[in-house]
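Colleague: Could you take me on a close look at one part of this model, the place where two of its chains meet? I am new to this, so please go step by step.

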Amino acid sequence: MIEILFNSLLAGLLISPALTLLAFRSRIARHLPATVQLVALIAGASAALVVLVSNLRHTVDIYWLSPFPFTLAVDRLSAFFLLLICAVSVPVVLYSTAYIARHYSAQRQRWFWTLFPLFLLSMVLVVTADTAFAFLFGWELMTLFSAALVMLDGCEGERRRNLFIYLLMMHAGAAAVFGAFLGFLPNTGLLEFASLRASAPFLAPAMRTAIFLLAFIGFGTKAGIVPLHLWLPKAHPIAPSPVSALMSGIMLKTAIYGFIRVTFDLLGGGPAWWGYLALAAGAVSALLGVLYALSERDLKRLLAYSSVENIGIIYLGLGAALIFSAQQVPQWAALALTGALLHALNHALFKTLLFLGAGAISDSTHTLDLEKLGGLFQKMRVTGTIFLVACCSIAGLPLFNGFASEWLVFRTFIAGGDLPGAGASIVLLVAAGVLALVGGLAASCFAQLYSAAFLGRPRTQEAARAHDVPKPMQIAMALLAATCIVIGVAPSLAAGPIGAIAQQLVPGAVAIPASDLLFMPWVACFVVVAAAIWLLIPRISRITPTWACGMPGLNSRMQYTATALSKPLRKVFAAVYRPDRTVRTVPSDQPFFPASISYRSVRTTSFERSLYRPAVDSIVVAAKRLRRMQTGNIQVYLLYMFLALVAALICMRFV
Amino acid sequence: MDLFQLAAAKTLATSAVFLFITVLMIAAAKRTATCITLFAAQCAIIAAQIIALAFLHHSVEAFVVAAMVLLVKVIAIPSALVRITRRLKVSPTVSASTSPGLSLFIVAVLILLAFIVVQPYARAFALDSEMLAAATAIVLTGGFLMVSRRKALMQVIGLLVLENGIFLAALTTTFGMPLVIEMGIFFDLLMCVLLMGVFVFRIRETFEHVDVSRLRRLRG
Amino acid sequence: MILWLTLAFPLAAAIFLLAFRRPGTASTFALTLGAAQVLLLAACAWQIHSEGVLQQGQYLRADNLTLLFLANLTIIFAVVLVYSVGYLRHVPSGRFSSPRWFYALLFLFVFTMLAAYLSANLGVLWIAIEATTLASALLVGFYNTKGAIEAGWKYLIVCTVGIAFALFGTIALYLAAVRGGVPQAQALDWTALMAAAPGMGAAHDLLKLAFVFIAVGYGTKIGFVPMHSWLPDAHAEAPAPISAMLSAVLLNCAMYALLRFDAITSHAIGTTFSHTLLIAFGCLSLVVAVFLMIVQRDLKRLLAYSSIEHMGIVALGVGIGGPLGLFGALLHSFNHSLAKTLLFFTTGKVRDTFDTLRMDRIHGMARVLPYTSSVLIAGGVAIVGLPPFGLFVSEFSILMAAFGGSHYIIATFMLIAFSIGFGALLFHFQRMLGGEPQLPRSRVKLLPTEIVGMCTCGACLLFLGVHIPGVLISVLNSAVAVLQ
Amino acid sequence: MSTTIDVLQFLIIVGIAPLIRGVISRVKARIQNRRGASIFRPYADLWKLFHKEDLIPSTASPFFRVCPMILFAATIAGAALVPVLHASSLLGNRGDIILLAYLFALGRFFLVLGSQDGGSAFGGMGAGREALVSTLAEAPLLFGLIAVAVTAHTTSIAGIVGWTAARHPLELSSVHAFAFAALVLVTIAETGRVPVDNPTTHLELTMIHEAMVLEYSGPSLALIEWASATKLSLMFALIISLFAPWGIVTGGSVLGIAIALAAYLPKIGLLVVFVAALESSMAKLRMYLVPEFLGIASALSVLAVVFTVFKR
């Protein structure tokens, strides 16, 4: 049963590129690839569900084909992420059927439908890989295919630079991941996860540390933890919306999967400082991510920064889990892990939804600049409502799914107060404060986003002419929104099975007290009933012009913009932003009677300025020096040869 | 026969000195033609050495090798080089980057270095240390010529000198390699010189000079 | 007999081809002869594979290691020959620069490399390798431009000096063998040397000396830093198919020679010394090459430095040693030649269209030359060692060997260098591919011959990335066994 | 019986909310030597507003009218979490201290959205400022609650109340003192009282909450006003039950309930007088001094949390 389902997932994703190339010319068969993908994804999701429920392990071995051991296995952890990938991709594929056809030429559509299933397949490979080779194979392919999909929108100028940064950072990150997996080798020599796991207890402590750090850096780069997040706000916004949705919603989660797989499963946990490191990374990412998001006016870049924030929250949970398991408190470790995994699921749901929503906005208004939107709710009722659900979810409001996972993470932090060590307690409790601040900021950020885009008056002609998107796109988004609400109202539906995974990963963990979440339905009923009562009371209402202090001619330029809305908060956190401001007055010799004043505020993040630039510059400087050695004079070349010979002869004495 | 043997032994004993002299003179030479002559002389000394060895060891192969040295290195290559110099119609000097005095000094130092370097090997393998040093010194001088002489032809000569040194080393240490190999090496050498001649002409045609240090279009 | 035939055939073909002045006829005959040569090589390879070792006379011998490199030579030669037919249409003729000379020299070049592969004698090997320089120097200078002549000259001088060092090393080894009791007639026969090597340990210092000279000498030809200086010049100035031959076959040929010597030295005095030297050269080549790749301006020079990088990787694989390291190194040299050939093939089209290879003057290539660009991208992805191409597998196994042997520092070095090299290639490629094109979309379609050449390489790379056929694995394993 | 008390205490919080407002303004009037309006005036106001028509700005979406309902619902759901008469509550459960803070966030989120829908500058002005205050208040609020929760080893408000009620007043440590101070400051900020906000002002330079609700009228405004009154009442109830719960019933007798109610009202009275006195004696802070005000609250709450670790 699982076998058939899982194999049909693989087969479906493998043949649909071929189908695209073959069948795309015909009008009827054009939808065949998407259909095949949908069927395959549903099959994959069901396979994952079956594994999650039954806890049967399913393996597919294709060593006969590949040069190194290549096994795919679905255990509970893999199944969870497989479910995440398949289930979230279903609406994305559905959405794409309408979206891609509306936006791209036939050739680009073919390109999309060829690469898209391959991208999905690479992610499936990553989460189901059971050998280091298979994992790394999938890992590199994932980067490659995502980059190829990003190029769908063309790659000129700034976009090209962003793509370059993306690929470069991913490659460097992959190098660290390579190191993490191959670091096991001296002890085992085999690549299967089972033997890596078995060899882990015999690793030298230094090696364990090295593996952990490499995994932390490698997966952290993919996940986008600060300061390795540089690529994230650059790469996500330039992709077509369905692709950004997948990249932000799912691809980042594969990094979480990798980190959990290596740290919890293969290494089997470690000293408490691993947890502190993850916790610190999570806290910094969450805080800086949301602060940067708050100051963005480009919708997709804002969402990308918010991904940094949410990844930060997941890392907070993972860090707490590591600390608890190092302190021998397995049940809380399991709860923290449950929180992290649940947040991964939730983030996948609402972030995908938000990016699809952003796609819908750009579809109807052709812009993603928050300063150019406004009043869209009037024109796009369905999308507007769905987008509201997504905003509420990501803001972590009760009754929506974001709350459930943040709530779990909070609970574990508070439980940290009972730990024996004062240090651990304080750190965890402070992390709770950080999470609270982040929650507050995220709520503000998304309230601001939603009101700037959907409420008030349209700020431009484009926004005024907006219209709702086609049905398939609406249905796709509605599916995701419904899932967000279901998990928000009844979190134990998701938290229960996830708890079982966490229990497997943390040795010694007993029953998870996540059943506390059962009271959420009551709260939901209470709130809904309390709000709905007022609908029954008859009211007289009248439409009047907005109050303008008695003056006529209120127009859209008098509204607060997204930038203006966040100004008070940005002023308080000015130290984080440090923008480069330039004010230009024309003509410059008459500062008080200008013809025009232009104001520009560019924000280069301090990481870019003080971490990445110097590193890249020093490499380039070294390269230029080396280049100067290559003088072009053959006599100098001959001299180098003689010197090399002499050096080798001298060294000969010592080796 | 004894007289021959004696002459042979005498040749072997003294040839190293002559080789050092040629080396020093090449370093000091100002004209390309002188260098070619000195190279031929060097090869002739080596040929004499081989003949001497052939007498000592009664080896027919060695006579063949000696004949080839005479044919290829003493006659064919130098005359080809001379012809090339004439046809190139460029200034006859070597255009050295170092003055003759300095060159002489450097080569002297190299000879000293060669003596020091070969001592342990000579002792370990019971070899004629003077000869070995001569070979090494010739190799080093060849290298020095290639690095310090800017004229394309001088690089060819430097290379030939260097190769001579290696050949001499082979001769001293192992009494030569198998004949087939030696013949192959000679053939290669001849071809190499011919090809370099072709290239020297092309450089002359294309750049209108033969100064290799000015060939610096390709760098970085 | 087949070895003699295989070896003699290209020589005869070279001479035969010189008789045809008309380009069309020369091409036709070259293709025909090339096909015959490939068939002959295939037959030869088959026989080697079935018999294990093939010895003919005192000087010719082939075993599984030879087979691997022969296979490499055959594939690359075949695609290069096919590609050349289309490529040579535009070449202005001059002395030595007409199609007949091109083909004749190409066959001669192949002859010399075949001689190197098939020789049983280290002396003959030396002669053959020196001859490769001579045969290819004229090809490097084929265009007769200032750059081509300069490159040809540098190539000739630097490689000849290097090879002279190798001769010195060979002599030293010969001395050690003779002193170690090997009869003079066999003291350069490398099977005899392998057998006698354990007894040569007494001449410890001499063997080390020999290996230093060999490594520097053949290393010059392989392109190890700091003896690499000829390589970018020659690769950049040679015609595209010749660059491919140089990078994909010649470097491997020199590497083959070094492998033979390394095996003997390792047998005699243990692996420590020779492998340390190889690792040192490998690391140096890797690091310097990736750094220099960042600041290149010419596409072919960039590719040439990438060849240096990959030869460094191969050297590291050999230096790390062990079955896995050697396996990876051999596989890597094979894969690298395919990928590099693919990339060099694209440069022909680029130069045709843009009239330059200066990367800062090429913009919008993706729009001007969509198909060539996709080949360039595929080749780029392959050459940086990303799946699903073969280099991923070979780099993976070298890395595995490095980690498995606890060579953490080397492994770290490699990983960092890979990232920098990736960045450098990506940086240049994206600048070339993107941007506003100054030219309209090229109406010139890819020629069938070019398509065949590129597709063969690409398909092989892809295939090797996903699956290594059993035959190849067994050949690789026996090649590794030969060296161990 | 227990559920009845739960419902009763919920109704008390929501029901006396306008009364608390009325009393505060009465006390303030007295302090300022005025007679002041009746303490039941807020009920009359609500009654009046519920019977007026709802004016909807022409730019607003249907969403405009939903927002006050959700704000109100979220706020009273918060009220259902706080014990007044006994150590239990209607919706109480483990972890509800977090739920409480997030329910406030839910209400605020929708209020902010509603305020923007009118398309005037006032809504945005208020929303931006409200975002500043509430975001910075969120951490001290949760920190204060967490400090008490960690001391009591439980994360449910009712549990904390039970734990505290079982202890002698003098047993309470510095943790409670710091947490109390922090929560009072947070209450002032969250409910928009002087010195953070002035509920009676309509000056655009200073107003926060009033700017947000400027477009609302009639029943919608009534809901918003009631919700904000409930929030104040809720916070008072929370402070009382966390730091001075003594007097609550343990059994279920009617007499006990009466006693508990009798104990509750003076405590509320005290807080009311305190707030009134504070509002009369202080001027409103400049907008950018508000973060400093909340900074003090944060510092106090962090101290409270740190002390929980060292006090055990």
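Modeller: Happy to! Let us begin with what a contact is: two residues are in contact if their C-beta atoms, placed from the backbone, lie within 7 Å. Please keep in mind that this is a predicted model. By that rule, chain D brings 66 residues to the contact, and chain A brings 66 residues too. On the side of chain D that touches chain A, at least two residues each come from β1 (54-57), α3 (63-79), α4 (96-117), α5 (121-152), α9 (218-243) and α11 (290-310) of chain D. The largest share of that side belongs to α5(D), with 17 residues. As for the kinds of residue on the side of chain D that touches chain A, 43 are nonpolar, 16 are polar and seven are charged.

Now look at the strands. Chain A has a strand β3, residues 541-544, which pairs with β1(D) in the parallel sense, over four bridges. In β1(D), you can find D:Pro57 standing opposite A:Thr544.

While you have chain A on screen, turn to one of its helices. Helix α16 of chain A covers residues 381-394, and its 14 residues span 20 Å from the first C-alpha to the last, close to the 20 Å expected at 1.5 Å a residue. α16(A) is mostly covered, with eleven of its 14 residues buried. Among the buried ones are A:Ile386, A:Phe387, A:Leu388 and A:Val389, as well as A:Cys391 and A:Cys392. Just after α16(A) comes A:Gly396, with a positive phi of about 75°.

Technical notes. Residues numbered from 1 in each chain as written. Chains lettered and ligands numbered in written order. Predicted model: local features only at pLDDT ≥ 70, side-chain atom pairs only at ≥ 80, totals over all residues. Nonpolar A, V, L, I, M, F, W, Y, C, P; charged D, E, K, R; others polar. Pairing = 2+ DSSP bridges. Expected span 1.5 Å × (residues − 1). Buried ≥ 20, exposed ≤ 12 C-beta atoms within 10 Å, placed from the backbone.
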